[in-house]
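This report covers the overall build of one protein and then two of its residues.

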Amino acid sequence: MKTILIASSKGGTTSTTTSLLLGRQLYEMGYLDIAIIDADESCCAQRWAKKAEGGSYLTIIGDDSDHVGKNVKKLKGFDFVIMDAPPYISPRQTQALIKAADLILVPVTSSVVDVEMAADIVELISARQELADGTPDAAFVINAAKPRHI
């Protein structure tokens with residue numbers, strides 16, 4: 001089981017949309033057992049799944065507890081688990097999610113505010129990578145950008 005964390009220090013960066021689209025892409029690539037952990041109190045992924053025509057091809061699990069990082073490791077039978085982290089969580093909660101991840105994607109828009117706010121999560125990821133021989137891998141996902149902004 002591979003775990004992917006979608007995390008941002010700021011709301012409105014399309015982390016839930018990124019989680020759902022990534023889940024869809026993995027499904028289309030032939031991975032049929034995909035879970036999305038909706039760790040956000042707003043439950044956006046769970047609400048989306050309830051509205052999906054014909055049911056969802058993803059397993060959506062709501063877990064906004066302080067133990068979500070540990071709970072992810074207990075899951076069985078999934079090819080991928082995508083953790084959709086809420087913005088504005090404590091560094092301790094973020095560290096637990098980072099520790100559970102094989103890959104971290106940080107969605108940002110091309111706004112200066114998004115890029116500056118990403119510094120907090122990048123710092124936590126870097127600290128974990130220093131302790132764990134460079135893992136987990138991490139990358140930015142740039143959303144809603146015009147070509148001249150990149």
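The text below goes from the whole chain to single side chains.

The model is predicted: local features need pLDDT of at least 70, side-chain atom pairs count only at pLDDT 80 or more, and totals for chains, interfaces and linings use all residues. Residues are numbered from 1 along each chain as its sequence is written, and side-chain values use heavy atoms, with hydrogens and water left out.

The protein has five helices and six strands, taken as DSSP runs (helices H or I, at least four residues; strands E, at least two) and numbered from the N terminus. Their order from the N terminus is β-α-β-α-β-α-β-α-β-α-β. The C-alpha trace spans about 40 × 35 × 30 Å along its principal axes. Of the 150 residues, 40% count as buried, that is, under 20% relative accessible area; exposed is over 50% and partly exposed lies in between (1.4 Å probe, protein chains only).

Beyond its neighbours within four places in sequence, Thr94 contacts Ile89, Ile121 and Leu124; contact means heavy atoms within 4.5 Å. Across the protein, 75% of the contacts between residues at least 6 apart in sequence join residues at least 24 apart.

The protein exposes about 8,500 Å², of which carbon and sulfur atoms supply 54%. These areas come from the Shrake-Rupley method with a 1.4 Å probe; for residues, only the protein chains shown count as cover.
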